[in-house]
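Visitor: I am new to this structure and would be grateful for a guided introduction. May we look at it together?

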Amino acid sequence: MSLGTDALPLPRKLDWVTVLALAGTVIGWASAFPAIRAGLTAFGPLELGSLRFAIAALPCAVLLAVLRPSWPTRREWLRLALRSLVCVSIYTVTLNFGEQTVASGAASFIVNVSPI
């Protein structure tokens, strides 16, 4: 038994905000690895990681100042600290060190197939 076409949802009108968001995401992600490579010419791997997080922290700080969310619980603080140390810091440092010896395209490929 095959699935009839009447069971499939009809395509909606093209949403240009979504298309622009997707295009910006793809371009931003694709340019991240060459940008890291270029940044490593002026900064060391640790300094570049710190600079990237400092730049990303600015809009986050503005958003937190505007929204004023509640503080995390003690248990959430522990989870945030562990995950930021393991998942974020180690990833950034190893990526920056790896980009010193591997081409940007290869680094992008390795990072994107690592979940597999």
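The questions and answers that follow concern a predicted model.

Visitor: At what angle do the axes of helix α2 and helix α3 cross?
Guide: Two packed helices are described by the angle between their axes and the distance between the axes. Helix α2 covers residues 45-67 and helix α3 covers residues 74-98. Their axes come within 9 Å, and the crossing angle is roughly 130°.

Visitor: Are α2 and α3 roughly parallel, roughly antiparallel, roughly perpendicular or oblique to each other?
Guide: An angle has to be over 145 degrees to count as roughly antiparallel, and roughly perpendicular covers 65 to 115. The axes of α2 and α3 cross at roughly 130°. The two helices are therefore oblique.

Visitor: Is the crossing of α2 and α3 left-handed or right-handed, and which residues of α3 make the contact?
Guide: The crossing of α2 past α3 is right-handed. On the side of α2, the contact is made by P45, L46, L48, G49, R52 and F53. On the side of α3, the residues are V88, T92, V93, L95, N96 and F97.

Visitor: How many residues of the contact of α2 with α3 are charged?
Guide: Eight residues of this contact are nonpolar and three are polar. The number of charged residues is one.

Visitor: Which residues does R52 touch, not counting those up to four places away in sequence?
Guide: R52 belongs to helix α2. Its relative accessible area is 35%, so R52 is partly exposed. With residues up to four places away in sequence left aside, R52 touches I36, T92, L95 and N96.

Visitor: How far away from C60 is the nearest cysteine sulfur?
Guide: The structure holds zero disulfides, and C60 is accordingly in none. A disulfide requires two cysteine sulfur atoms within 2.5 Å. The nearest cysteine sulfur to C60 belongs to C87, at a distance of 17 Å.

Visitor: Is C87 buried, exposed or partly exposed?
Guide: C87 is in no disulfide. Partly exposed lies between buried, under 20% relative accessible area, and exposed, over 50%. C87 has a relative accessibility of 49%, so this cysteine counts as partly exposed.

Visitor: What is the phi of R68?
Guide: Most residues other than glycine have a negative phi. R68 is found in the loop between α2 and α3, and this residue is exposed, with a relative accessible area of 68%. Although R68 is not a glycine, its phi is positive, at about 50°.

How values were computed
Residues numbered from 1 in each chain as written. Predicted model: local features only at pLDDT ≥ 70, side-chain atom pairs only at ≥ 80, totals over all residues. Heavy atoms only, no water. Axes fitted to C-alpha atoms, helices over the stretch in contact; angles between N-to-C directions. Helix = DSSP H or I, 4+ residues; strand = E, 2+ residues; numbered from the N terminus. Parallel < 35°, antiparallel > 145°, perpendicular 65-115°, else oblique. Left-handed = near helix turned anticlockwise from the far one by under 90°. Contact = heavy atoms within 4.5 Å. Nonpolar A, V, L, I, M, F, W, Y, C, P; charged D, E, K, R; others polar. Buried < 20%, exposed > 50% of the residue type's maximum accessible area, 1.4 Å probe, protein only.
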